[in-house]
Amino acid sequence: MAALLRNPRLLSSQTLIRLFSSSKTLETPLTPTYRSLKSQLRSEFDPENLVRIFQQSSHTPRFQRDRSVFDICVSKLSRSQRFDLIEQILEHQKKDLIGLKTEGFWIRIMMLYSQSRMLDQAVRVFDQMEEELGCKRTEKSLSALLSVCLENRRFDLVHEFFESAPKKTGVDPGIVHYNLVVRAFCKENKVEKARALIEKLESENNVKPDITSYNIMLGAYARNGDDAKFDEIMEQINDKELKQNVNTYNHRIARLCKNKECSRAKKLVEVMASKGIEPNRATYNILIEGYCRAADFGSAKKVMEKMKKGDSVSPNPDTYFTFVRYYVQEKEFDSALEMCKESFEKKWIPPFDTMKELVNGLVSVSEEDKAKEIVEEMKKRLKGSAADSWAKIEGDLPLSQ
């Protein structure tokens with residue numbers, strides 16, 4: 001290059017312009033774009049590097065507003081069991097622009113701690129919000145506090161904070177908070193205590209139960225197989241002329257499917273649609289599982305095709321995993337394999353126990369080549385700790401070398 005510059009006649013003017021432009025570009029490092037930073041976070045699997053990239057970028061308002069960035073990092077670190085690094089990146093958020101961060105931001109930090117099963121840290125954020133972080137707590141942050149306790153199955157803390165937090169924060173509990181307490185009772189299988197709380201609210205003037213309160217009770221009685229009390233709650237809903245929503249119908253549809261009354265369940269889906277209540281993905285998945293449980297795969301696939309053609313909902317991983325699980329259970333291994341392939345194309349990996357049963361099933365019907373195909377596909381698609389977990393399962397599979 002030095003020789004060429006000493007003899008500029010050897011170069012055209014356009015070539016010289018391009019040469020100097022490229023040289024300048026090489027000397028000036030480019031500031032990475034937000035998109036490239038996000039891409040780095042998605043592709044990085046080393047926990048230490050992940051934290052370094054996160055902290056270098058986290059001071060920007062755009063970064064702080066993007067929930068997916070936080071979810072990506074915390075999920076990866078949680079899978080790596082690096083809870084120390086989760087605390088490091090989330091505590092780091094307290095240092096920059098504290099006064100500009102909203103209640104919603106700190107609630108999100110609480111939820112991120114919660115999803116990593118770091119309940120103590122989530123509660124600590126709630127305690128610090130007002131005095132240390134300069135953010136007034138409202139009914140939203142009280143809901144978040146009760147929710148993270150519920151999510152971590154600390155039902156004792158749900159009840160404790162419900163009693164103490166309102167006095168501490170000056171926030172009067174509303175129906176959202178009472179519903180979280182009702183849900184905690186039901187999770188503890190203290191369903192009658194939950195019902196007693198609803199009845200107490202009905203007799204008072206301040207806070208009234210809503211359709212969500214009764215939906216929680218429907219779900220609890222359905223899980224316990226208590227059809228009589230399920231019907232009692234439905235009678236109360238009708239007597240009070242509460243407007244049923246999609247969750248109410250989903251509980252009713254699930255109950256029918258559990259009792260192998262899929263035809264009635266399908267008609268109920270049509271009824272709710274006729275009333276202007278749009279079925280959601282859960283509605284269709286419940287119906288699909290009902291058909292699959294009855295080994296009526298033809299009807300189940302029709303529901304799935306309807307989902308694929310619809311504008312509002314589409315199949316999700318649970319849809320495919322349900323088919324694979326029940327196909328294997330019914331020893332329809334080829335059908336399970338086809339559904340697996342379709343799931344793989346969407347980058348959705350069925351649960352390992354189901355895949356193990358599928359491989360064993362294929363081997364049992366002398367389809368070892370297909371079984372090996374599944375194993376190779378799993379190895380190709382899994383990374384990190386998931387790949388290690390699958391490798392342990394693979395070692396016990398009855399496959400020849």
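This report describes a predicted protein model, from its confidence to its helices, cores and loops.

## Model and confidence

This is a predicted model, in which local features need pLDDT of at least 70, side-chain atom pairs count only at pLDDT 80 or more, and totals for chains, interfaces and linings use all residues. Residues are numbered from 1 along each chain as its sequence is written, and side-chain values use heavy atoms, with hydrogens and water left out.

The pLDDT is the predictor's confidence in each residue, from 0 to 100. The protein has a mean pLDDT of 87. Of its residues, 90% reach 70 or more. Residues 1–31 fall below 50. Beyond near neighbours in sequence, that stretch has 8 contacts in the model. Contact means heavy atoms within 4.5 Å. Where pLDDT is low, the predicted coordinates should not be read in detail.

## What the record says

The UniProt record, an unreviewed entry, places "domain: PROP1-like PPR" at residues 117–240. UniProt positions follow the numbering used here, feature names are shortened, and annotations may be inferred rather than shown by experiment. In the model, residues 117–240 are 73% helix and 0% strand. Their end C-alpha atoms lie 39 Å apart. Helices (H or I, at least four residues) and strands (E, at least two) are DSSP runs, numbered from the N terminus.

Residues 174–208 are 74% helix and 0% strand, with end C-alpha atoms 9 Å apart. Residues 210–244 are also 74% helix and 0% strand. Their end C-alpha atoms lie 10 Å apart.

Helix 21 has 13 residues. From first C-alpha to last it reaches 18 Å, close to the 18 Å expected at 1.5 Å a residue. The expected span is 1.5 Å times one less than the number of residues. Its buried residues are Phe333, Ala336, Leu337, Met339, Cys340, Ser343 and Phe344. Buried means under 20% relative accessible area, exposed over 50%, and partly exposed in between (1.4 Å probe, protein chains only). These residues cover an arc of only 165° around the axis, so they sit on the same side of helix 21. The arc is that of the directions from the helix axis to the C-beta atoms. The buried residues pack against helix 19 (297–309), helix 20, helix 22 and helix 23. Just after helix 21, Lys347 has a positive phi of about 65°.

Helix 22 spans residues 352–364 and reaches 18 Å. Thr354, Met355, Leu358, Val359, Gly361 and Leu362 are buried in helix 22. Seen down the axis, they fall within an arc of 160°, so they line one face of the helix. An α-helix has 3.6 residues a turn, so residues three or four places apart point the same way. The cover over the buried residues of helix 22 includes helix 20 (317–329), helix 21 (333–345), helix 23 (368–381) and helix 24 (384–394). Ser366 follows helix 22, with a positive phi near 60°.

## Two nonpolar cores

A nonpolar core is a set of buried Ala, Val, Leu, Ile, Met, Phe, Trp, Tyr and Cys residues joined through side-chain atoms within 4.5 Å. The largest one has 71 residues. Leu90, Ile109 and Met217 have the most contacts inside it. Helix 12 (residues 175–187) gives the largest share of this core, 8 residues. A second, separate core has 47 residues, including Ile288, Phe344, Leu362 and Leu382.

Ile109 touches Phe70, Leu90, Gln93 and Val125, leaving aside neighbours within four places in sequence.

Thr248 is found in helix 16 (residues 246–258). Thr248 is buried, at 0% relative accessible area. Leaving aside neighbours within four places in sequence, Thr248 is in contact with Ile211, Asn215, Leu218, Met234 and Ile237.

Glu232 belongs to helix 15 (residues 227–239). Glu232 is partly exposed, at 34% relative accessibility. Its C-alpha atom is separated by 9.4 Å from that of Leu218, 14 residues apart along the chain.

## Two loops with positive phi

Most residues other than glycine have a negative phi, and most peptide bonds are trans. Arg117 has a positive phi, near 60°. Arg117 lies in the loop between helix 8 (103–115) and helix 9 (119–128). Arg117 is exposed, with a relative accessible area of 53%.

Glu241 has a positive phi of about 55°. Glu241 lies in the loop between helix 15 and helix 16. Glu241 is exposed, at 72% relative accessible area.
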